Amino acid sequence: MPCRIIWSSFVTPILVLVLIIIISCREYRTAASSSLGAAGGELVRHTCRRAARSNPSLNLDFCVASLEADPRSSSADLRGLGVIVTHLAEANATATQKRIVDLLAEYSSDTGERNRLEDCKDMYSDAFDDLKDAEAGFYSKRYRNANLFLGGALDNAVDCEDSWQESCFTPSFYQGHKYSSPLTTENYNMEQLCRIGLAITAFLSPHFS
Ligand SMILES: *[C@@H]1O[C@H](CO)[C@@H](O)[C@H](O)[C@H]1NC(C)=O
């Protein structure tokens with residue numbers, strides 16, 4: 001039958017060809033996208049694992065989540081990750097200064113709390129300046145500078161948190177008054193972001209780590 005001949009000799013090979021093209025296109029696309037994603041995500045995960053191994057106070061999940069939150073991290077190199085984490089810390093420092101201003105309005109009557117908040121506000125202002133210098137250090141490949149300034153920003157966050165535990169600034173009237181830091185989350189975030197940046201400076205320049 002002529003109909004049958006046409007079907008088997010033309011249509012079937014064409015259908016097979018079309019199927020092959022569709023399948024190979026789809027496989028090519030999956031392979032391309034997964035290798036791209038793996039390459040990008042891999043440096044973030046690898047860097048965070050290495051950083052957490054080098055410093056037990058560094059939170060691995062926080063590190064991965066923070067870096068992956070910036071879409072640029074999937075195509076960044078190690079230096080780029082340093083810039084990204086420093087930017088994130090700068091945004092955190094600015095947000096924390098704003099939060100302190102709000103808190104100052106709430107704690108209008110307690111001198112002990114106000115003093116600490118004022119101190120923390122200054123510390124976050126210093127931290128922001130340090131982070132800008134650290135960022136410049138990454139850009140100019142002066143990783144020792146980046147390291148020093150990230151260390152400065154880290155100290156400010158730690159000092160802010162510690163100031164709520166101390167009673168040395170407290171006038172005798174307030175002795176015995178228990179303070180709890182209203183900035184624990186902010187200080188923790190800043191501390192972690194700086195530690196990630198510090199680890200990256202050490203990987204970029206292992207001789208001073
Ligand atoms: C501060 O850092 C944390 C942790 O990476 C992030 O989730 C948060 O969005 C940052 N805050 C700002 C204002 O960028």
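Two residues are in contact if their C-beta atoms, placed from the backbone, lie within 7 Å. With that in hand, hello everyone. What share of contacts in the protein chain between residues at least 6 apart in sequence join residues at least 24 apart? The share is 68%.

A word on the source. This is a predicted model, where local features need pLDDT of at least 70 and side-chain atom pairs count only at pLDDT 80 or more, while totals for chains, interfaces and linings use all residues. Residues are numbered from 1 along each chain as its sequence is written.

pLDDT is the predictor's confidence in each residue, from 0 to 100. The protein chain has a mean pLDDT of 84, with 74% of its residues at 70 or more. Over residues 28-38, though, pLDDT is below 50, and this stretch has one contact beyond near neighbours in sequence.

Now the fold. The protein chain has six helices and zero strands, taking helices as DSSP runs of H or I of at least four residues and strands as E runs of at least two, numbered from the N terminus. Helix H4 covers residues 111-139; at 1.5 Å a residue its 29 residues should span 42 Å, and this agrees with its end C-alpha atoms, which are 42 Å apart. That expected span is 1.5 Å times one less than the number of residues. After H4 comes lysine 141, with a positive phi near 60°.

Finally, the ligand. Around the ligand sit Ser66, Leu88, Ala91, Asn92, Ala95 and Asn189, each with its C-beta atom, placed from the backbone, within 6 Å. Helix H3 (residues 78-106) gives the most to this shell, with four residues.
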